[in-house]
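Reader: I'd like to go through this one feature by feature. Could you give me the general idea each time, then the case at hand?

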Amino acid sequence: QAMESVAAKADENDAIICYMAGHGLEGYFLPIDSDGYRRRIPYLSLRKYLEESPAKQKLFMVDACYSGSLLASRSPNLSQIQNFYQQISESAGGTAFLLSSKEAEYSKESSGLRQGVFSYFLIEGMKGKADLNQDQIVTIEELYQYIQSGVRKYTKNEQNPQLAGRYQSDLPVSWVRN
């Protein structure tokens, strides 16, 4: 209901960023109150809400098993925020799906990282480690390359993050805080 509401309220000047971490079954995300059968959320319904939303930018990130079947808060520099929003406004927009695993793969957790492997690399990448060209903006393609490389290496190629959708490769996702 929340995703449907947010997607419906957004207009062409908005950006929707959604991150979900938890359990998944093939084709479904399992919220905390799901028993695996009742109250499961079809990935396709979440995808539909985003694709039908008029929002210019839409980024959906999932760290859950079978997700392919479909930040540290500090005061940022005002010029960084302005640059980030300028990049968004100049972007042609699109819809990107950044998923933790292929269709029939498990998403690994690590006690050493104290979270999901995908989430670890996602957060580190958005904080700036994915900024390959050092322009202080992390794009969806930079983030995906960083996550894919890190997750595959960490899991010895047992987990393979996916990026799909219709989007520009320079879609801004975050800015690097000084």
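Author: On a 1 Å grid over the protein atoms alone, a pocket is an open set of points with protein on both sides within 12 Å along at least five of seven lines, while a cavity is a set where a 1.4 Å probe fits but cannot get out; lining residues have an atom within 4 Å of a point. Points are joined across faces, edges and corners, and the volume is the space filled by probe spheres set on them. This is a predicted model, where local features need pLDDT of at least 70 and side-chain atom pairs pLDDT 80 or more, though totals for chains, interfaces and linings use all residues. Residues are numbered from 1 along each chain as its sequence is written, and side-chain values use heavy atoms, without hydrogens or water.

Reader: What volume does the second largest pocket have, and which residues line it?

Author: About 230 Å³ for the second largest pocket. Its lining is made of Q1, A2, M3, C18, M20, R40, I41, S45, L46 and Y49. Sorted by class, that gives seven nonpolar, two polar and one charged residues (nonpolar: Ala, Val, Leu, Ile, Met, Phe, Trp, Tyr, Cys and Pro; charged: Asp, Glu, Lys and Arg; polar: the others, Gly among them).

Reader: Which helix supplies the largest share of that lining?

Author: Elements here are DSSP runs numbered from the N terminus: helices are H or I with at least four residues, strands E with at least two. Helix 2 gives the largest share, three residues. Helix 1 (2-9), strand 1 (15-21) and helix 2 (43-52) each supply at least two.

Reader: Which residues of helix 2 are buried?

Author: Buried means under 20% relative accessible area, exposed over 50%, and partly exposed in between, with a 1.4 Å probe and protein chains only. In helix 2, Y43, L46 and L50 are buried. Looking down the axis of helix 2, they fall within an arc of 70 degrees, so they line one face (the arc is taken from the directions from the axis to the C-beta atoms). Turned away from that buried side, the other face of helix 2 carries exposed L44 and E52.

Reader: How many aromatic pairs does the structure hold?

Author: Rings of Phe, Tyr and Trp (its six-membered ring) pair if their centres lie within 6.5 Å; planes under 30 degrees apart are stacked, over 60 edge-to-face, and the rest tilted. The structure holds four such pairs. In one of them, F60 and F97 have ring centres 6.3 Å apart and planes at 80 degrees, so the pair is edge-to-face. F60 counts as buried at 1% relative accessibility, and F97 is buried at 1% too. Another edge-to-face pair is F121 with Y154, at 6.3 Å centre to centre and 65 degrees between the planes. F121 lies in helix 4 (residues 117-129) and Y154 in helix 5 (residues 140-154), so this pair ties together parts 33 residues apart in sequence. Y120, F121, Y146 and Y154 form one aromatic cluster.

Reader: Which residue lies over the face of F97?

Author: A charge sits over a ring if NZ of Lys or CZ of Arg is within 6 Å of the ring centre and within 35 degrees of the ring normal. For F97 that is R47, at 5.1 Å from the ring centre. R40, one of the residues lining the pocket, has its charged end over the ring of Y28, 3.8 Å from the centre.

Reader: And backbone angles: what phi does Q134 have?

Author: Most residues other than glycine have a negative phi. Q134 has a positive phi of about 60 degrees although it is not a glycine, and Q136 is positive as well, near 75 degrees. Q134 is exposed, with a relative accessible area of 59%; Q136 is partly exposed, at 30%.
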